Amino acid sequence: TLQVFICIESPKFYLINNDVTAAKQAFQALANLNNMDLDLENIEISDVGKAKDREQSTKQQLIDLVRYPSLRLETIILMLLWMFVAMFYYGFNFGWGAIVPDMYLGYIMAAVGELIAYVLAVPLMLVGRRRAMIVMFIGAAMSYLVA
């Protein structure tokens, strides 16, 4: 859970969202992490909003997936995590009769839990996609352990 607070968001994510200041902060944090000196005052980031830089063909994305083992590993891990979360979610939704004596009470509890998750998800997306994913997966795991 400590990763949520020290995890550095990708500068590319900030640049795509036209947040140059946050991108420079991410570059500085990455430079500090690698014990490098980086003079951000003399670095100019231009043409941030170009749409053609954001668009990448499906073919190029698949080539990148094959070319970079770390990207391939992260993709496989996220696919497995997504599958496990979905299986537990559907298991709980279809199995309320075995967990709670009153089936209607179980569905009311599930609805309240969904509402809480929706309300918490919106502000959580403002901290960046990586931290949001970490918090969401940890929250899902903790709620399954509690239930």
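What is the handedness of the crossing of H6 and H9?

1. A word on the model and its overall make-up. Please keep in mind that this is a predicted model. The protein chain contains 9 helices and 0 strands. Reading from the N terminus, its elements follow the order α-α-α-α-α-α-α-α-α. Of its 147 residues, 19% count as buried. Taking contacts between residues at least 6 apart in sequence, 46% join residues at least 24 apart.

2. Now to the opening question. Two packed helices are described by the angle between their axes and by the distance between those axes. Helix H6 covers residues 69-94 and helix H9 covers residues 129-146; they pack at an angle of about 40 degrees, and their axes are 11 Å apart. Because angles under 35 degrees count as roughly parallel and those from 65 to 115 as roughly perpendicular, H6 is oblique to H9. The crossing of H6 and H9 is left-handed, which settles the question.

3. Which residues of H6 and H9 make this contact? On the H6 side, look for Leu78, Leu81, Trp82, Val85, Phe88, Tyr89 and Phe92. On the H9 side, they are Met133, Phe137, Ala140 and Tyr144. Sorted by class, the contact of H6 with H9 has 11 nonpolar residues, no polar ones and no charged ones.

4. H6 also packs with helix H5, which spans residues 58-67. The angle for this pair is about 100 degrees, with the axes 5 Å apart. Asp64, Leu65, Val66 and Arg67 of H5 meet Pro69, Leu71, Arg72 and Thr75 of H6. By class, the contact of H5 with H6 has 4 nonpolar, 1 polar and 3 charged residues.

5. In soluble globular proteins, nonpolar side chains tend to be buried together. In this model, the largest nonpolar core has 5 residues in all: Tyr14, Leu15, Ala22, Ala23 and Ala26. Helix H2 (11-16) and helix H3 (20-33) each supply at least two residues of this core. The largest share, 3 residues, comes from H3.

6. Is Thr21 buried or exposed? Thr21 lies in helix H3, and with a relative accessible area of 56% it is exposed, because the cut-off for exposed is over 50%. The C-alpha atoms of Thr21 and Ile45 are separated by 10.0 Å, and these two residues are 24 apart along the chain.

7. Leu33 is another residue found in helix H3. Its relative accessible area is 60%, so Leu33 is exposed. Between the C-alpha atoms of Leu33 and Ile8 the separation is 9.9 Å, for residues 25 apart along the chain.

8. Finally, return to helix H9, where Val135 is found. Val135 has 30% relative accessibility and therefore counts as partly exposed. Along the chain, Val135 and Leu124 are 11 residues apart, and their C-alpha atoms are separated by 8.4 Å.

How values were computed. Residues numbered from 1 in each chain as written. Predicted model: local features only at pLDDT ≥ 70, side-chain atom pairs only at ≥ 80, totals over all residues. Heavy atoms only, no water. Axes fitted to C-alpha atoms, helices over the stretch in contact; angles between N-to-C directions. Helix = DSSP H or I, 4+ residues; strand = E, 2+ residues; numbered from the N terminus. Parallel < 35°, antiparallel > 145°, perpendicular 65-115°, else oblique. Left-handed = near helix turned anticlockwise from the far one by under 90°. Contact = heavy atoms within 4.5 Å. Nonpolar A, V, L, I, M, F, W, Y, C, P; charged D, E, K, R; others polar. Core = buried A, V, L, I, M, F, W, Y, C linked by side-chain atoms within 4.5 Å. Buried < 20%, exposed > 50% of the residue type's maximum accessible area, 1.4 Å probe, protein only.
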